Amino acid sequence: MVRSLQEFSEILRYKELLRNLVARDIKKRYKRSTLGFLWVMLDPLLMMLVFYIIFSGLFGKTVGNYTAYVITGIIMWQLFAQGTKVSSMAFIHNRNLISKIHLPTAIFPIAIVGSSVAHFIFSLVPLFIIILFSGTIPSYYIPLLPVTIALIVIFSVGISLTISTLTVFFHDVVYIYDVILIGWMYLSAIFYPVTILPQKLQILMSLNPLYHYISLFRACIYDTTLPIIEHLIFGTAFSIISFAIGWTIYHQNRDKIIFYI
Amino acid sequence: MIHLQDISVRYRLIRERRSTFQSHLINYFKGKRMETETLWALKNISIDVPEGESLGIIGHNGAGKSTLLKVVSGVIKPVEGSVQVKGQIAPLIELSAGFDPELTGRENIYLNASILGFSRKEIDNKFDRIVEFSELQEFVDSPLKNYSSGMISRLGFSIATEVDPDILIIDEVLSVGDVSFKRKSMERILEFRKKGITIFFVSHNMDEIMTICSKVLWLDHGSKKMTGEPEAVISAYESYHMLPR
């Protein structure tokens with residue numbers, strides 16, 4: 001417990017490193033492309049377009065405001081999936097630093113989630129453009145947006161710590177997690193409404209953390225009919241559980257990581 | 001002050017033997033992915049380094065010199081023994097570890113100094129001095145991939161020594177850079193010594209050890225072979241390995 005707190009405070013002390021790692025990731029990713037930074041905003045737009053073309057005929061009539069439904073789902077999913085997926089290699093890719101300089105090692109997966117948050121913030125621009133142009137009335141729950149983001153970030157950090165630590169010892173985790181993510185995406189009601197599922201599956205849906213975060217996000221952006229209290233309770237519980245598990249796995253193994261990366 | 005008591009560090013040594021695809025497959029299904037062996041990188045090492053001492057560490061390749069530095073700087077936690085280190089540590093271990101070739105010199109200075117735990121403000125204050133010492137003013141806004149390896153090590157040395165540490169850890173890094181920069185770095189290290197900063201110095205260059213160190217530790221296969229005055233230890237080491245001087 002004491003060691004955990006020490007490490008937390010050390011991570012806070014290294015916040016400049018966290019900032020630089022996030023900035024490096026963003027700079028490097030777009031430095032060489034012609035459109036550069038615009039890609040951050042184009043990416044969710046194009047993905048939404050694809051989903052829209054394929055699925056609007058199928059589900060367009062079952063969901064009011066299908067455009068807003070899809071883009072909110074995609075953006076929230078990307079925030080989670082991008083961060084946790086890339087972070088599986090967080091320790092291995094930074095082997096050079098971890099094995100030479102004393103650092104709070106957890107900072108590497110956390111920084112990857114951080115750059116995913118940065119991307120998310122930029123993708124809010126096309127999101128609001130679409131919301132406004134499609135004539136949607138923004139939700140009065142919007143002050144809850146920071147809470148929603150905090151919850152999904154804590155949840156993602158927990159998963160990132162788990163995946164990145166396990167990958168050091170069993171490399172297969174990278175591939176297993178890739179498959180899990182694909183299945184998870186289809187189970188998260190991103191481009192179809194939950195109501196098309198059989199009753200039994202709808203109940204199971206409340207065990208899917210991403211379903212709650214995506215719903216919370218939709219409630220914050222445009223859909224005031226959603227049961228926001230329920231999603232908040234479930235979302236908070238899943239964040240705490242995920243973070244507790246991730247931190248424990250990381251912390252139990254932290255001294256061993258250096259011998260295996 | 002640094003106090004190490006009965007330190008032991010163990011590594012896993014992985015052996016990947018070349019084998020036919022068939023035997024590889026059979027082994028795979030038997031669950032034998034890799035053969036591992038343990039290697040004791042350090043065995044029962046105890047050292048006391050009082051403040052202001054500069055300790056040279058010598059020994060053959062794989063003797064455990066770098067591992068000992070990693071224990072002191074807190075990168076490796078030993079399986080046995082206790083470590084007490086008081087003071088801010090600046091590691092000068094393989095300087096390029098924290099650099100990114102795609103970023104500019106300026107961006108790399110910020111990145112690297114934050115790896116050492118500095119805040120933005122502290123780096124702002126040190127920035128000009130770092131650039132000045134490295135003599136890389138004209139290149140500071142070019143990406144590091146355009147630098148020569150000597151230039152990169154100059155930048156690394158400048159960052160790590162602008163830190164004002166209590167303990168400086170130097171692992172075979174003086175061999176880089178041109179003659180004039182080498183002299184400059186040597187002067188800077190001696191300045192640190194005069195200021196009473198504790199120094200850990202690993203090198204295969206006995207002249208450098210003689211110049212910098214007040215005490216020398218000789219490691220051999222992870223064990224302490226000898227420790228004492230530089231002259232005595234170095235001459236014993238050289239006659240042991242029959243190196244003509």
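1. The largest pocket has a lining of 36 residues, and those nearest its centre are E10(A), H102(A), S73(B), G74(B) and V75(B). A pocket is an open set of points, on a 1 Å grid over the protein atoms alone, with protein on both sides within 12 Å along at least five of seven lines; a cavity is a set of points where a 1.4 Å probe fits but cannot get out; lining residues have an atom within 4 Å of a point.

2. The model is predicted: local features need pLDDT of at least 70, side-chain atom pairs count only at pLDDT 80 or more, and totals for chains, interfaces and linings use all residues. Residues are numbered from 1 along each chain as its sequence is written, chains are lettered from A in the order in which they are written, and side-chain values use heavy atoms, with hydrogens and water left out.

3. The space in the largest pocket comes to about 1000 Å³, a volume being the space filled by probe spheres set on the grid points, which are joined across faces, edges and corners. Its lining comprises 17 nonpolar, eleven polar and eight charged residues.

4. At least two lining residues of the largest pocket come from each of α1 (2-13) and α12 (228-260) of chain A and α2 (65-73), β4 (80-85) and β5 (89-93) of chain B. The greatest contribution, six residues, is that of α1(A). Helices (H or I, at least four residues) and strands (E, at least two) are DSSP runs, numbered from the N terminus. In chain B, domain 1 (2-88 + 165-240) and domain 2 (98-163) each provide at least three residues of this lining; the domain bounds come from an automatic or database domain assignment.

5. Between the chains, 25 residues of chain A are in contact (heavy atoms within 4.5 Å) with 30 residues of chain B. The two chains bury about 2500 Å² between them, of which 57% is on carbon and sulfur atoms. Of the area that chain A buries against chain B, 26% is supplied by E16(A), K100(A) and F259(A), more than by any other three residues. Buried area is the accessible area (1.4 Å probe) that two parts lose on being put together, summed over both.

6. Five salt bridges (a side-chain nitrogen of Lys or Arg within 4 Å of a carboxyl oxygen of Asp or Glu) are found across this interface. R24(A) forms a salt bridge with D100(B), with 3.1 Å between the closest N and O atoms.

7. The structure also holds two cavities of 30 Å³ or more. The second largest cavity contains about 30 Å³ of space, and helix α4 (residues 120-134) of chain B gives the most to its lining, with three residues.

Methods:
Nonpolar A, V, L, I, M, F, W, Y, C, P; charged D, E, K, R; others polar.
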